[in-house]
Amino acid sequence: MASISGTPKKSLMLFSGRAYPELAEEVAKYLNVSVVPQAAYDFANGEIFVRFEESVRGCDAFVVQSHTAPINQWVMEQLIMVDALKRASAKRITVIMPFYPYARQDKKHRGREPISARLIADLFKTAGADRIMTVDLHTAQISGFFDGPVDHLWAMALLADHVRNRYGTEELTVVSPDSGRTKLAEKWADMLDGCPIAFIHKTRDPLKPNEVVANRVVGEVRDRLCVVIDDMVDTGGTIVKAVEQLVEAGAKGVIVAATHGVLSGPAVERLQNSSAREVVLTNTLPIPADKQFDKLTVLSIAPLLAQAIQQVFEDGSVTSLFDGNA
């Protein structure tokens with residue numbers, strides 16, 4: 001009888017949902033692996049079927065899905081993929097969601113409202129996920145909703161490096177579009193060699209989602225190039241109002257930098273017609289050709305995801321990728 005090795009070899013396997021396979025392929029290139037082939041299709045009534053074409057027993061599985069529109073379909077597909085992996089005896093399952101779905105519903109503003117960000121975490125835990133990896137959560141406390149390790153990656157270094165390389169010789173001010181992101185603005189300011197920060201003091205009508213009543217600019221912006229930062233651009237209303245207010249307040253120019261380009265409805269038209277000099281986004285979500293415009297720069301998040309996957313697979317430190325600040 002042939003002898004059996006007592007220590008099984010670890011294997012990294014990368015899986016991709018159908019929402020944005022290009023991102024998974026790019027991550028796979030950095031990791032020097034192939035995306036595991038699968039059969040995935042919808043039944044006539046919309047139910048989703050997934051089957052992997054290779055054995056996944058004992059593997060370290062990383063399941064990538066970008067939660068773009070139609071968001072509910074892609075959430076369900078990723079849940080089904082996790083369930084299939086669990087039932088096929090994958091050793092550890094890491095769910096990679098560069099854009100965490102339902103992240104804006106992270107607390108109750110009024111009675112009888114859901115906390116959908118928590119529900120998403122519970123669904124993935126129930127499906128069999130051991131770990132979640134995500135980029136720039138809407139609020140950091142969402143990482144506590146999942147009962148297990150959460151790797152919260154930051155795109156800030158990627159975006160700030162681009163801004164520094166292109167505009168580093170100008171007098172910059174980092175601007176938060178509301179008072180809630182001033183801590184993030186301070187981190188940005190540190191990365192941009194200690195430039196000043198400002199924020200837009202604004203009010204919102206809780207009965208009208210995606211609508212903002214902007215108020216006044218607080219901080220030093222006159223004759224300076226302002227960098228407006230946010231975690232996502234959805235319909236573009238908040239960001240564009242901030243841009244116009246900064247121009248009115250005497251800013252020399254405005255750059256928009258955000259991680260997630262949701263770009264719903266009128267967003268592209270609003271951004272293109274705004275006074276912004278450049279809009280910088282990452283590709284956590286697909287930005288198809290019909291949503292691209294002259295001022296847009298898209299930076300790839302794939303190298304960061306690949307580094308984090310490598311660290312998790314090797315039981316290394318994800319925090320070390322962010323100088324201990326993650």
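Which residue just after α5 takes a positive phi? Asp193 does, with a phi of about 60 degrees.

The model discussed here is predicted; local features need pLDDT of at least 70, side-chain atom pairs count only at pLDDT 80 or more, and totals for chains, interfaces and linings use all residues. Residues are numbered from 1 along each chain as its sequence is written, and side-chain values use heavy atoms, with hydrogens and water left out.

**Helix α5**

Helices (H or I, at least four residues) and strands (E, at least two) are DSSP runs numbered from the N terminus. Helix α5 spans residues 182–191, and its buried residues are Ala185, Trp188 and Ala189. These residues cover an arc of only 100 degrees around the axis, which puts them on the same side of α5; the arc is that of the directions from the helix axis to the C-beta atoms. Lys183 and Asp190 are exposed on the face of α5 turned away from its buried side. Buried means under 20% relative accessible area, exposed over 50%, and partly exposed in between (1.4 Å probe, protein chains only).

Strand β11 (residues 225–233) is mostly covered, with nine of its nine residues buried. Two strands pair if DSSP finds at least two bridges between them. The pairings of β11 are listed below.

| Pair | Sense | Bridges |
|---|---|---|
| β8 (residues 172–176) and β11 | parallel | four bridges |
| β11 and β12 (residues 253–261) | parallel | eight bridges |

Val175 stands opposite Val228 in β11, and Val227 stands opposite Ile255 in β12. Together, β11, helix α6 (residues 237–248) and β12 make a right-handed β-α-β unit. A crossover is right-handed if, with the strands pointing away from the viewer, the path from the first strand over the helix to the second runs clockwise.

**Aromatic contacts**

The structure holds four aromatic pairs. The ring centres of Trp154 and Phe322 are 6.2 Å apart and the planes lie at 55 degrees, so the pair is tilted. This pair links distant parts of the chain, 168 residues apart: Trp154 is in the loop between β7 (150–153) and α4 (156–167), and Phe322 is in the segment after α8 (302–313). Both Trp154 and Phe322 are buried. Rings of Phe, Tyr and Trp (its six-membered ring) pair if their centres lie within 6.5 Å; planes under 30 degrees apart count as stacked, over 60 as edge-to-face and the rest as tilted. Tyr41, Phe43 and Phe49 form one aromatic cluster.
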